[in-house]
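Please keep the 3D view open as you read.

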Amino acid sequence: MEDLSERIRVATRRRPADMVLKGGRLINIFTHEVIEADVAICGGVIAAVGENYDGNSVVQVDGMFVCPGLIDAHIHMESSMLHPRVLADSLLVCGTTTIIADPHEIANVAGLEGIDFMMSETANIPFDALFVAPSCVPASHLETSGARLGHDELKRLACNPRILGLAEVMNYPAVVEGAEDIMGKIQIFSDRVIDGHAPGLSGEALQAYVSVGIRSDHECTTRQEALEKLRAGMTIMIREGTLAKSLAQLAPLVSHETASRFCFVSDDLHPQDIRSNGHMNGILRKAVSSGMEPLLAIRLATINPASFFRLYDRGAISPGYRADIVIFSDLVNLDVWGVVKNGKMVVANGQPLEPIAEKEMSSPGSLKIMRVPTINSDDLKIPCEGKKRARIIELIEGQILTRAAVEEIQGRRGEFPSDTRRDILKIAVTERYTGSGRVGLGLVRGFKLEGGAIASSVAHDSHNIVAVGVDAVDIATAINGIKDMGGGIIVAAGGQVIEKLPLPIAGLMSDLKLDEVVAKLNRLGEASRSLGCPLKDPFMALSFLALPVIPEIRLTDLGIIDVSRFEVVPLFL
């Protein structure tokens, strides 16, 4: 009650505000206009917007654009490979004040303990990391994961006020079939937001999927797909991440009539992209440069995600709204001058004032899960006599989708050696949770390695060890190197590890600062290019090849997965 009274006193000029932003050009989300006005803040909340307000602290933002704090409606924090506090610092300077995170990456490795780690490390900091409960742990029966979240675990998560709903429901075939397990999970969150994940779903199957209350999708890759889902009442999350990019394809659907049904999301974003392009501000910059009106684009990163997730206290600069504010120097480059979080200045002149990551960070040893026996080159042989027709996983540039190809291959001395001339390389996924030593083997095209191997313990969604290479000795060297350092990324050649990045937190995240992680990843990229790989981010591409819920073809520790049939299929036809 006292807070409300103080707010009223500030609004009616009977007392000075705690802080006033003066001289700025305010972006009014509700009227789609820019107005000159002061912003008076009291107790972390905007008390008034108008002229000539006084404050105990006055920040001159003359001529700059005062915008609501940016919101990412769908992100996997683990994909940044940064400790949650380091990530918070990295996103704040980009103008992001709230994220809605799906922690299913760490949940697949360490279950509730992993989620508790993510939530505890982001509690009581000047940055809002809110969460949705993972719906698919494991993502499917077609891989081995480190944990299982059933109805009891989800009910526990549902009691936490920072859990806003149910995360992307990836097992869309189970939804369409009305499978009891997924129906039970949806029922637990029937009164909250339920996120979708249904690449290519259409027609009757889409209608069935949406009918159970699933309200969003971030997997659209074509305008026609997005339009059909839009007509079905879904909110379309336009994804612009490191590998999967849909802004150029979907932006033409955003108009004044449809804009309320869209959000921008990053989904999976690597640290080099954060360092070079920013976060939501980078997506806005790209949207504006493609021709989208700046104020329209800003809606997709502020009020729209806030409204979708029923966060009615943020997303706009208006009396009674949380004082989460980003100050842009312009609306073209969208460079961030300052950020206000909960009414306090946390970024000024583009620099953090009190870095969150300087506080004590936790990295529990119990999350270092890497139960893998030593792998040798014999474990990686693909038996093959003479000529055979084999399934090939083909990368699609700029997408996490893959293409299922069939090629005739030639065995030599009873096995198939990688064919660098045709860019047909070996891919291996090694199970890391039970010590079984199980290795799924397949063939992949798109990496164009001429020698050596690359490997990673970041392999969505179960995060077994995934490796691609020319020579079985180098592939084994890379896999064993990851085992020995408790998770990470490696480039190997000549039977030696030549570059590496340890990821000691669940095999997914580093305990280093952003610039240190970026430097190591840059060296890994240079090492992979020295082996012939032309991909901008080969490790992001690698990380998705074990994801059996994204069409068309994948590899897990259980073998080749035909996603359309949702079953294990043989390598050879």
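Strand β17 (residues 336–341) and strand β18 (residues 344–348) run antiparallel and are joined by three bridges. One place to look in this predicted model is K341, whose bridge partner in β18 is K344.

Both strands belong to an open sheet of seven strands with mixed pairing, and its order is β3-β2-β7-β16-β17-β18-β19. Which strands stand at the edges? They are β3 (33–36) and β19 (351–352); each has a single partner strand, so one side of each is left without a neighbour in the sheet.

Now turn to another pair of strands. Strand β8 spans residues 70–75, and six of its six residues are buried, so β8 is largely enclosed by the rest of the structure. Its pairing with strand β9 (residues 96–101) is parallel and rests on four bridges. To find the pairing on screen, pick I71, which stands opposite T98 in β9.

Next come the cysteines. How many disulfides does the structure hold? The count is zero. Two cysteines show the reasoning, given that a disulfide needs a pair of cysteine sulfur atoms within 2.5 Å.

| Cysteine | Closest cysteine sulfur | Distance | Relative accessibility |
|---|---|---|---|
| C94 | in C67 | 14 Å | 7% |
| C220 | in C263 | 13 Å | 2% |

For C94, the sulfur of C67 is too far away for a bond, and the sulfur of C263 is likewise too far from that of C220.

Finally, consider the empty space inside. Rolling a probe the size of a water molecule over the atoms shows where such space is left. Here the structure holds six cavities of 30 Å³ or more, and the largest cavity contains about 90 Å³ of space. Lining this largest cavity are 17 residues, and those closest to its centre are H76, E168, D268, F544 and L547. What classes make up the lining of the largest cavity? It has seven charged residues, five polar and five nonpolar.

How values were computed:
Residues numbered from 1 in each chain as written. Predicted model: local features only at pLDDT ≥ 70, side-chain atom pairs only at ≥ 80, totals over all residues. Heavy atoms only, no water. Buried < 20%, exposed > 50% of the residue type's maximum accessible area, 1.4 Å probe, protein only. 1 Å grid on protein atoms, 1.4 Å probe; cavity = no way out; pocket = protein on both sides within 12 Å on 5 of 7 lines; lining within 4 Å. Points joined across faces, edges and corners; volume = space filled by probe spheres on them. Nonpolar A, V, L, I, M, F, W, Y, C, P; charged D, E, K, R; others polar. Helix = DSSP H or I, 4+ residues; strand = E, 2+ residues; numbered from the N terminus. Pairing = 2+ DSSP bridges.
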